[in-house]
Amino acid sequence: MAEKTTIGKRLSSRFVAGLTVEDVLTATKAVNERGQSVSMDNLGENVTNADEAKESAQLYHQLFDQIAERKLNANVSMKLTHMGLDVDEKLAIGITRDLVAHAARINNFVRVDMEGSPYTQRTLDFVHELHSMNGNRGAVGAVIQAYMRRSEKDVQDLIAKGIRIRLCKGAYKEPEELAFQKMSEVNEIYVKLMKILLKSGIYHGIATHDEKMIQATVDFAKAENISPKSFEFQMLYGVRRDLQQKLSKEGWGMRVYIPFGHEWYPYFMRRLAERPANALFVLRNLFR
Ligand SMILES: Cc1cc2nc3c(=O)[nH]c(=O)nc-3n(C[C@H](O)[C@H](O)[C@H](O)COP(=O)(O)OP(=O)(O)OC[C@H]3O[C@@H](n4cnc5c(N)ncnc54)[C@H](O)[C@@H]3O)c2cc1C
């Protein structure tokens, strides 16, 4: 009901670009005009049948065509459960393989988002497999969640293969045995991993709105003479737009992650959970 009603659409508009391909292309053009690149995410996860998975993949192919035709500075982010991982693993890898091949043909890129811990190993295996396929090199990348205890080893394995990484803190509720629970611990490992990424010589994404993490990255890049062109910051559409602008103006690469589509509800709820003040913000705007 939330996803289909007018009130729902108004609620989500702060964090979601809209419902259609045209909506996300318009939002992308506006972000590009501010000198920032984009990653488009067709929202959806845990599809329950093959047709839905194929439909979501089709939409990504359409996005690649439009990115090329309109000469937008954008790539895409997708979730494997949106490509049917829960339905049929072979189907999901087939669909994703076609998508990565399309990206490689047009010199673009597919970022495979990281979901909850039941999917971590399979997602990383998929990314390694896709990266190793002929012609795909550089067209697919992974996400590492700093809160996962396993992440340092995963980072080393990905870097050894030259795979691009987006580093984020992690957005899912995970048990103590798998993930650090204290924010101070997550921040500490985030900084440690950030340093490994920046020193690796591979183009990675530092995805955070946390000013402490950003400052640590800027300080490290400056101290180590790491070029601002050799990595990028990434932030979510509608979150800390002031900081996005500030970093771009200072010459740091900035990619804005723009979600769109009908299935915005789980994404939206994760954003509210991260910062309950967002609920007030959204409600205030709703009644304006
Ligand atoms: C580009 C991008 C891609 C991501 N991809 C994934 C993924 O694939 N898998 C995954 O698990 N997670 C992903 N995340 C989410 C990430 O794991 C965190 O949940 C999220 O970024 C919040 O963490 P933070 O680093 O901003 O720091 P936090 O410590 O959570 O926040 C620091 C400060 O940032 C601001 N802030 C943070 N979140 C919000 C918000 N929602 N609204 C307003 N202000 C906010 C607040 O000022 C807050 O005090 C992604 C995040 C980004 C930016």
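**A look around the ligand**

The ligand sits in the largest pocket. On a 1 Å grid over the protein atoms alone, a pocket is an open set of points with protein on both sides within 12 Å along at least five of seven lines, and sitting in it takes more than half of the molecule's atoms within 2 Å of its grid points. Keep in mind that this is a predicted model, where local features need pLDDT of at least 70, side-chain atom pairs count only at pLDDT 80 or more, and totals for chains, interfaces and linings use all residues. Residues are numbered from 1 along each chain as its sequence is written, and side-chain values use heavy atoms, with hydrogens and water left out.

So who's around the ligand? There are 24 residues, and K169, G170, T208, E274 and N278 come nearest (a residue is near if one of its heavy atoms lies within 4 Å). This shell has eleven nonpolar, six polar and seven charged residues, with Gly counted as polar. Strand β7 gives the largest share, three residues; strands here are DSSP E runs of at least two residues, and helices H or I runs of at least four.

Elsewhere, R70 forms a salt bridge with E22, their closest N and O atoms 3.0 Å apart (a Lys or Arg side-chain nitrogen within 4 Å of an Asp or Glu carboxyl oxygen). R70 lies in helix α3 and E22 in helix α2, so the pair ties together parts 48 residues apart in sequence.

Technical notes
On a 1 Å grid over the protein atoms alone, a cavity is a set of points where a 1.4 Å probe fits but cannot get out, and a pocket is an open set with protein on both sides within 12 Å along at least five of seven lines; lining residues have an atom within 4 Å of a point.
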